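This briefing concerns the structure shown below.

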Amino acid sequence: MFCRQCGTQVNDDDKFCVNCGFKLKGESDVKQDVLAEVEKDFSQLNKRLENINSINSHDHYFKNKWITLILYLLPAFGWLGIYNIYANRKKGGIQIGLWVLNIIFVTLIPPENTLVNIAVQLIIFSIFVLWISDLIWVFKLPTKYYIKGKKIYSPYISEKVFKSDEVTNFFEDRNIIENNTYTNSLVKYDNRKYINQIPKEIVELLWIKDDINYNDNNPSLEIEPSLIDLSLEILETDNINDNQEIGYYPCYYELTPKQRFIYLNWLKDITKPINISYVFIFYYGLERHLLFGEFEKAFNVINILRKYHFNSSFLSYSEDAILISIIKRDKFEYTQKISFSNSNPLLFALVISKAFKRFNAEDLILLSRNVGFYNQRYIKGDRKKFINELNRLLKEKYGEEYYNIKDEDIENYTETFTLAFANYSLEDIYRFEEAPDILSNETIREDIYELLEETHERVKILKREERKIKKS
């Protein structure tokens with residue numbers, strides 16, 4: 001025989017290899033080793049065969065397209081039902097997550113548990129059926145609705161309209177009593193006295209249901225969030241400074257009776273501090289005036305609000321709205337009556353270029369970051385000196401302390417940006433608008449950047465000389 005370590009031929013009765021000293025095994029030992037290896041190979045082969053059979057069975061299980069459709073789609077709707085029942089019909093990405101979990105659940109269940117799989121999925125689907133019955137109720141009469149005159153609107157059904165007499169019959173037939181503002185709105189209240197206490201110049205800008213005409217010149221007015229329905233209940237309270245959070249996108253018809261009183265009482269003096277949500281309710285109506293109503297009156301009142309309510313979101317929205325409406329209604333003379341500090345720089349550049357055809361030193365500084373000039377050291381550290389040097393440079397290059405804009409420069413833009421009003425009841429064609437980004441004009445952008453860069457270098461030299469003088 002041969003040594004298993006080095007291959008040297010040895011005698012059958014040798015216990016060790018004469019060449020390498022490796023311990024040699026007898027014939028019986030070798031046979032046992034071979035049998036052990038064979039048994040191991042057979043065990044691995046059996047496991048592979050079991051896996052193949054399992055895969056084939058699973059493939060056969062999913063070849064029936066109708067079973068697959070039921071197992072994947074119906075339970076997914078069941079998950080949707082669960083989500084809508086317990087999340088109050090709020091939209092969200094969790095629905096997709098539940099659907100993915102459902103697919104994983106179906107896919108991973110072994111084929112021998114098919115009946116268990118179907119049973120579990122049918123239980124989930126039964127919950128979907130319960131949700132469908134709830135949805136039928138929503139379409140028949142939404143659980144959250146608001147009334148405007150002879151119409152009722154649902155936030156869930158894309159402002160689906162019902163006649164008020166149908167709503168009344170629906171309540172009478174089912175003897176439904178709900179303790180909320182919306183059912184109370186079926187009872188008429190005479191609340192004109194609260195309007196009579198508000199200054200005339202403010203009343204003129206309010207949208208009051210009984211006092212307005214619905215027409216095509218003022219679209220979507222029936223769902224205006226600032227629209228005051230005097231038939232809704234108002235409950236007087238001594239706690240007029242209540243700062244209870246109303247939430248995003250506030251509207252008059254969703255206020256509680258006490259909150260309506262607080263809002264109407266605040267309208268007596270809009271300079272008084274109040275939760276910013278109340279300000280936004282009034283402001284939504286002012287935005288509508290900027291587009292379709294009393295532009296000048298709304299403009300003046302918005303400026304008053306901006307002086308007394310220092311909320312960054314409100315200041316930004318209101319400044320943008322004024323500038324957008326100035327462009328839409330071609331009233332560029334009003335740009336001299338507003339202080340620019342919170343507006344979109346691109347919108348500011350567009351309005352100023354159209355209104356005055358030129359930028360002064362302050363304008364150029366405001367646009368600095370938008371043209372790629374980020375070194376604000378001297379702009380912030382010694383603004384007065386920076387402006388003086390920038391004016392001197394403008395005078396040297398252009399003969400006056402302005403950078404002039406030509407009409408063709410405004411038209412030669414390569415990019416646009418989106419403008420938006422805060423009032424979410426405005427139709428998209430009025431609320432959103434694509435505007436030209438004049439700073440995308442390469443010539444304008446490079447000219448402004450070079451002016452700012454050169455001014456920065458001049459100020460740097462001046463500051464260096466000042467330090468030398470101080471040291472000497």
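In this predicted model, Glu 319 and Arg 306 are both buried. The two side chains form a salt bridge, with the closest N and O atoms 2.9 Å apart. Because Glu 319 belongs to helix α12 (residues 312–328) and Arg 306 to helix α11, the pair ties together parts that are 13 residues apart in sequence.

**Salt bridge between Lys 463 and Asp 382**

- Lys 463 and Asp 382 meet through their side chains in a salt bridge, at 3.3 Å from N to O.
- Lys 463 lies in helix α19 (residues 442–471), whereas Asp 382 is in the loop between α15 and α16 (383–398), so this pair ties together parts that are 81 residues apart in sequence.
- Asp 382 has a relative accessible area of 19% and is therefore buried, the cut-off being under 20%.
- Lys 463, at 22% relative accessibility, counts as partly exposed.

**Salt bridge between Lys 297 and Glu 204**

- Lys 297 forms a salt bridge with Glu 204, and their closest N and O atoms are 3.1 Å apart.
- Since Lys 297 is placed in helix α11 (residues 295–308) and Glu 204 in the loop between α8 (200–203) and α9 (257–266), the pair ties together parts that are 93 residues apart in sequence.
- Both residues fall in the partly exposed class: Lys 297 has 36% relative accessibility, and Glu 204 has a relative accessible area of 33%.

**Salt bridges across the chain**

- The count of salt bridges comes to 15.
- A network of salt bridges links Glu 396, Lys 397, Glu 454 and Arg 458.

**The chain as a whole**

- The chain contains 19 helices and seven strands.
- Of its 472 residues, 40% count as buried.
- The accessible surface of the chain is about 27,500 Å², and carbon and sulfur atoms account for 52% of that surface.
- Among contacts between residues at least 6 apart in sequence, 60% join residues at least 24 apart.

**Ser 368**

- Ser 368 is located in the loop between α14 (361–366) and α15 (377–381).
- With 2% relative accessibility, Ser 368 counts as buried.
- Leaving aside residues up to four places away in sequence, Ser 368 touches Phe 373, Gln 376, Ile 379 and Leu 452.

Definitions and conventions. Residues numbered from 1 in each chain as written. Predicted model: local features only at pLDDT ≥ 70, side-chain atom pairs only at ≥ 80, totals over all residues. Heavy atoms only, no water. Helix = DSSP H or I, 4+ residues; strand = E, 2+ residues; numbered from the N terminus. Buried < 20%, exposed > 50% of the residue type's maximum accessible area, 1.4 Å probe, protein only. Contact = heavy atoms within 4.5 Å. Areas by Shrake-Rupley, 256 points an atom, 1.4 Å probe, with all protein chains shown as cover. Salt bridge = Lys/Arg side-chain N within 4 Å of Asp/Glu carboxyl O.
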